[in-house]
Amino acid sequence: MNTYSKVLITTLPLVFLLLLATVGIAYHFSRTALTELAETCLDTRLSEAIQIAAGNDDMLHRYGLEEIQASFIKAQMDASVAMSAIEVGERGFIFAIDRRGTLVMHPDPAMIGRDVSQKAWFKALKPERSRLTHLTPTGRNLAMVDYFDPWEWYLLASDPEQEVYGVANRMKPFLLYLGLIGFSAMTAALMLLTRRLTEPLRLLTVGAEKIGEGDLDTRIAIRSGDEFGRLAQVFNQMAGQLQETLTQLQHREAHFRSLIEYTNDLIAIVDAEGC
């Protein structure tokens, strides 16, 4: 495996993970921001519902009608009608549950009187303002809840999560496509950069192989001012010196061969003792 492939195999997974983390973080923060925005909106609508219930209850006490059952029921019905008119997004609504877990106010008349006391989310309700999620026939809903003590009602402002996180859900494919495009662009840029960085090394390798095969005329055409350029310069100097040395050796070999082949003298090699 060459250096080019090693660099790509090492860096491409890191680039992919980095882009994937970026997309995930962007989606997480957008979903968190939408949750906070939805909580603020639901909290405002819930406050309106509490004010309506408090206003009707105050009217009962003002006129001393709180002990009259018919007046008490009439006040609750008037409050229910007024709370039903509160707009909670496009598909959200206000509803109320008594302390025993019976739906006493709901935009769907068929739901009124239904027992939800066995629902896990109802068992988790506390007599204080808080956030919860609950299931409806259409899916999961995000809700803000508060307890209205005079009537022993839990008032909830609820909105489908599909509406709350609609923007984030629609943005998810866009973020994925953007991540894929970014990964493709960064991959192309990384491949080009890696190719440019490893090309001098490839040229040096090819040059060394040619010299190893005896082609001493080989020169490396690298003119950069970095380490590869300096290495190519030294390589070319070495190749020139080798070529010059080989030429001198060839000339000397030809000279001495001519002396040996065309002389009539006896040539001997002896040691210090004359042997």
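Predicted model: local features only at pLDDT ≥ 70, side-chain atom pairs only at ≥ 80, totals over all residues.
A pair of aromatic rings is described by the distance of the centres and the angle of the planes. Across the whole structure, the search identifies 6 aromatic pairs. In one of these, the ring centres of Phe-72 and Trp-151 are 6.1 Å apart and the planes meet at 80°, so the arrangement is edge-to-face. The pair connects distant parts of the chain, with the two residues 79 positions apart. Phe-72 belongs to helix H2 (residues 69–84), whereas Trp-151 occupies the loop between strand S4 (139–148) and strand S5 (153–160). The two partners also fall into separate accessibility classes: Phe-72, with a relative accessibility of 22%, is partly exposed, while Trp-151, at 5%, is buried. An aromatic pair is likewise formed by Tyr-147 and Tyr-154, with 4.8 Å from centre to centre and 55° between the planes, a tilted geometry. Tyr-147 and Tyr-154 are both buried.

Most residues other than glycine have a negative phi. Glu-152, although not a glycine, has a positive phi of about 55°. Its relative accessibility is 31%, and Glu-152 is therefore classed as partly exposed.

Trp-151 is in turn one of the residues touched by Asn-56. Asn-56 is part of helix H1, which spans residues 3–62. Because its relative accessibility is 15%, below the 20% limit for burial, Asn-56 is classed as buried. A polar atom of the Asn-56 side chain lies 2.8 Å from the backbone oxygen of Ile-52. When residues up to four places away in sequence are set aside, the contacts of Asn-56 are Ala-75, Asp-78, Ala-79 and Trp-151.

A nonpolar patch is present on the surface, formed by Phe-256, Leu-259, Ile-260 and Ile-267. Together, these four residues present about 440 Å² of accessible area. Leu-259, a member of this patch, is located in helix H6, which covers residues 227–262. With a relative accessibility of 42%, Leu-259 is classed as partly exposed, because this value lies between the 20% and 50% limits.

Methods:
Residues numbered from 1 in each chain as written. Heavy atoms only, no water. Patch = residues over 30% accessible without salt bridge, like charges linked within 9 Å, V, L, I, M, F, W, Y side chains within 5 Å. Areas by Shrake-Rupley, 256 points an atom, 1.4 Å probe, with all protein chains shown as cover. Salt bridge = Lys/Arg side-chain N within 4 Å of Asp/Glu carboxyl O. Helix = DSSP H or I, 4+ residues; strand = E, 2+ residues; numbered from the N terminus. Buried < 20%, exposed > 50% of the residue type's maximum accessible area, 1.4 Å probe, protein only. Polar contact = N/O pair within 3.5 Å; in protein donor to acceptor, adjacent residues only side chain to side chain. Contact = heavy atoms within 4.5 Å. Phe/Tyr/Trp six-rings, centres within 6.5 Å; stacked < 30°, edge-to-face > 60°.
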